Amino acid sequence: MVEIATAVGTPIYIYSQAELQARAAAFVTAVPSANTLACYAVKANNNPAILGLLRQAGLGADVTSGGELFLALHADISPDKIIFSGVGKRRDEIEMALDAGIRALHVESAMELEAIAAIAGERQQVARIGVRVNPDIHAETHPYMTTGEKWHKFGVAPETAVTLLHAAREHPALHPVGLAAHIGSQITAVPPFVQSAHFLVQLADELAASGIRLEYVDVGGGLGIDYGDWRLEIGDSPQQSPGSNRQSPPIVEWVTAVTQPILAAGYGVVMEPGRSVVGPAGCLLTRLTYTKTQGGTQFAIVDAGMSDLIRPTLYDAYHPVLPVAEAPDGHAAERYTVVGPICETGDWLAKERALPPLRPGDLVAIMQAGAYGYAMASNYNGRLKPAEILVNGNRFTLIRKRQDYTHLLDGCLAPE
Ligand code: LLP
């Protein structure tokens, strides 16, 4: 960490190649069936080098915009392993998917189905489509991360899914191939996923009875990771946000549980894991600028902030914080609230954490930051997006340069 920070500066995202590969491999090898495909949710982390590693490990891609489709194709992910999710695909994005010949567009409304049919028809193509159904299943997690309840914007009601798939079968420019659901993110219990898998299989079987035999059932992503680790804390238990601090099941357990009912019913399986592939493989390394104490709080002001990692601000998310150098006696002695330099009270990374006494220049690592970290970074407050590093054994490689100030002028034009 010290070597990397000295060579590349801070703040910086650092990823472990071995951890990424092991996690991807777990999704590919958990179940001995050629009929399963894990489409990595590119939104979790879209660094091209990481996408390349995941492709080599056998993952496909779940994309949610033309930009993500571009990145997945750029990483040489085979189009037949790419699915496109999202409620608002534009014409240009649909055209891009048809040009690439992806495995399927996952439709989320009747209007979208019509749009895809019209666009594919004009081009004399047949669009492979899946329908994303909203299974109305509650899963315990942060409210911003549940997606599969009936009042959410995602998917369509089961009866609408049936209607849309029948309409697709009748349309010469559409070919119905799949049924999908995604119940939410950072879910640490397996039963809601199994419930969703059974629900989808039942619906697929009903469709089969009426003559529509689907190729695959897609259970979405959402498997949680372990954000909290009490062993890192002294004194009181750390603050928690819902779903952030519970033990998650291992990947193999999750894959086995969700694929079983689908394979048993004779359908192929698609999964869309994001966080569980990359989250634990990355950290955000930051350097302490100052400390100050006021209002009874000791602040550690570091050079990373909500522009680099917005999860604490947005979801009250808990990320473990580790000092890079241990305290001489091995014990944490101080309590710090770790904040960034941004002009927002919400600009905090960790609250009330036990850490050794920190001095300017000390390095701390914000752990479990590989997912939805860099991917949600911004230039707010004129901040430059950090660099990204991949560590392989005892070597490290720069996989994205830190922005420089000229990036803040990207695309800007002077008025006439
Ligand atoms: N599939 C679909 C259709 C999704 O919307 C998502 C995530 C995934 C798969 C991947 O879910 P995962 O396996 O990563 O849980 N920004 C939030 C997470 C939002 C997740 C959005 N959708 C965070 O920082 O926790």
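Predicted model: local features only at pLDDT ≥ 70, side-chain atom pairs only at ≥ 80, totals over all residues.
## Residues around the ligand

Polar contacts here are pairs of N or O atoms within 3.5 Å. A ligand oxygen atom lies 2.4 Å from a side-chain N or O atom of Ser-185, and one is 3.4 Å from a side-chain N or O atom of Lys-43. At Gly-274 the backbone provides the N or O atom, 2.9 Å from an oxygen atom of the ligand. The protein buries 91% of the 580 Å² that the ligand exposes when taken alone (Shrake-Rupley method, 1.4 Å probe).

## The largest pocket

The ligand takes up the space of the largest pocket, whose volume is about 620 Å³. Of its 28 lining residues, Lys-43, Thr-147, His-182, Ser-185 and Tyr-372 are the closest to the centre. A pocket is an open set of points on a 1 Å grid over the protein atoms alone, where a 1.4 Å probe fits, with protein on both sides within 12 Å along at least five of seven lines; lining residues have an atom within 4 Å of a point. A molecule sits in a pocket if more than half of its atoms lie within 2 Å of its grid points.

## Basis

Residues are numbered from 1 along each chain as its sequence is written, and side-chain values use heavy atoms, without hydrogens and water. Local features need pLDDT of at least 70 and side-chain atom pairs pLDDT 80 or more, while totals for chains, interfaces and linings use all residues.

Methods: Polar contact = N/O pair within 3.5 Å; in protein donor to acceptor, adjacent residues only side chain to side chain. Points joined across faces, edges and corners; volume = space filled by probe spheres on them.
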